[in-house]
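The sequence and model are shown first.

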Amino acid sequence: MRRRRKFHSFEAVSDVMMEPLVVNIEEESERNFEFRKPLWTGEYIKVILMNIPVGGEIGIEVHEDFDQFIRIESGRANVLFGRSAEDFYYQRLVDDDYAIMIPAGTWHNIVNLGREPLKLYSVYAPVSNLPTGD
């Protein structure tokens, strides 16, 4: 007889490591009120929910050792990419449902330009040296 594995649902979401997780990511993103909230950590990826306040930003940063995927669930923002913290060569306005792919070594920032909090989630891979919740 096969042993059943425990699956987690959105009712008990926390930073669950190495257990399968099924959630409605849009609902989880929309009801997150923390600036940075770890949702799930696996062996190769980590998922973080973010709530950027009006006028706020992720902050200028670079991740040398991992790629990053960001999806905007709701809100309006300016995305910036650069070769250094002082040299941003790319800028784009984004809103609901935009996806942003950031290769390792790319300086970036996301600034909330909307009248409501910016709701997004971010996927990092691989997981070594990843940011944790605040």
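## Salt bridges

E28 and R31 are joined by a side-chain salt bridge at 2.7 Å, N to O; a salt bridge here is a side-chain nitrogen of Lys or Arg within 4 Å of a carboxyl oxygen of Asp or Glu. E28 counts as buried because its relative accessibility is 4%, whereas R31, at 41%, counts as partly exposed. The classes are defined by relative accessible area: buried is under 20%, exposed is over 50%, and partly exposed lies in between (1.4 Å probe, protein chains only).

The model is predicted: local features need pLDDT of at least 70, side-chain atom pairs count only at pLDDT 80 or more, and totals for chains, interfaces and linings use all residues. Residues are numbered from 1 along each chain as its sequence is written, and side-chain values use heavy atoms, with hydrogens and water left out.

The whole structure contains 4 salt bridges. One of them connects the side chains of E73 and R71 at 2.6 Å, N to O; E73 is buried, with 5% relative accessibility. R71 also meets D97 in a salt bridge of 2.8 Å, N to O. This pair links distant parts of the chain, since R71 belongs to strand β4 and D97 to the loop between β6 (87–94) and β7, 26 residues apart. Through shared partners, R71, E73 and D97 form one network of salt bridges.

## Overall architecture

The protein chain has 1 helix and 9 strands, arranged along the sequence as β-α-β-β-β-β-β-β-β-β. Helices (H or I, at least four residues) and strands (E, at least two) are DSSP runs, numbered from the N terminus. Of its 134 residues, 40% count as buried.

Considering contacts between residues at least 6 apart in sequence, 63% join residues at least 24 apart; contact means heavy atoms within 4.5 Å. The accessible surface is about 8000 Å², with 51% belonging to carbon and sulfur atoms; the areas come from the Shrake-Rupley method with a 1.4 Å probe, and for residues only the protein chains shown count as cover.

## Strand β3 and its partners

In β3, 7 of 7 residues are buried. Both faces are covered, with K46, I48, M50 and I52 on one side and V47, L49 and N51 on the other. β3 pairs in the antiparallel sense with β2 (residues 36–41) over 5 bridges and with β9 over 7 bridges; pairing requires that DSSP finds at least two bridges between the strands. A hairpin is formed by β2 and β3, with 4 residues between them.

I48 in β3 stands opposite P38, and its bridge partner in β9 is S122. S122 lies in strand β9 (residues 118–125) and counts as buried because its relative accessibility is 0%.

## Nonpolar cores

The largest nonpolar core has 17 residues, and those with the most contacts inside it are I58, I70, I72, I100, I110, L118 and L120. β3 (46–52), β4 (67–74), β5 (77–84), β7 (99–102) and β9 each give two or more residues to this core. Apart from it lies another core of 5 residues, among them L39, V47, L49 and Y121. A nonpolar core is a set of buried Ala, Val, Leu, Ile, Met, Phe, Trp, Tyr and Cys residues joined through side-chain atoms within 4.5 Å.
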